[in-house]
Amino acid sequence: MSDKIDSQMLKGVLTGSILLLLSKEELYGYGLSKSLDSFGFTNISKGTIYPLLLSLEKKNLIKGSMRASENGPKRKYYAITEEGTAEKEKFLAQWSDLKNNMERIIEGVEGND
């Protein structure tokens, strides 16, 4: 991401992004950060990701489990729960509506130049 996105806007998008990534594979915090980087979320601090993971875990949207690591201490891997899968589907529907509405506004305003 070339410019810093407003933190409130980013929070909801990050939640949905984390649920989407965890629906494909279980990841630990740093691995999740690297996955987000690969999709362009390059300016997301670890201080943002870890509290969000904790919040999602408290809401039972994800579940963490400690596992041995080949490269040192145990790592906490996160997996999406049934509740998390339902929340992911809700996010996708809301994202689709939001994206479509914003595209209509942009086209309506910017397309009339």
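## Strands and core of a predicted model

Strands β2 (residues 62-69) and β3 run antiparallel and are joined by seven bridges. This is a predicted model, where local features need pLDDT of at least 70, side-chain atom pairs count only at pLDDT 80 or more, and totals for chains, interfaces and linings use all residues. Residues are numbered from 1 along each chain as its sequence is written, and side-chain values use heavy atoms, with hydrogens and water left out.

A word on terms: helices (H or I, at least four residues) and strands (E, at least two) are DSSP runs, numbered from the N terminus. Strands pair if DSSP finds at least two bridges between them.

Back to β2 and β3: they make a hairpin, with two residues between them. β3 (residues 72-80) also has β1 (residues 27-28) as an antiparallel partner, over two bridges. Here are some residues that face each other across the strands:

| Residue | Opposite residue in β3 |
|---|---|
| L27 | Y78 |
| M66 | K76 |
| S69 | G72 |

Now for the core. A nonpolar core is a set of buried Ala, Val, Leu, Ile, Met, Phe, Trp, Tyr and Cys residues joined through side-chain atoms within 4.5 Å; buried means under 20% relative accessible area (1.4 Å probe, protein chains only). The largest one here has 19 residues, and L14, I18, L32, F41, L53 and I62 have the most contacts inside it. Helices α1 (7-24), α2 (29-38) and α3 (46-58) each supply at least two residues of this core, with α1 giving the most, at seven.

What is I62 in contact with, leaving aside its neighbours within four places in sequence? Counting contact as heavy atoms within 4.5 Å, its partners include L19, L22, L53, Y78 and I80.

Terms used. Buried < 20%, exposed > 50% of the residue type's maximum accessible area, 1.4 Å probe, protein only.
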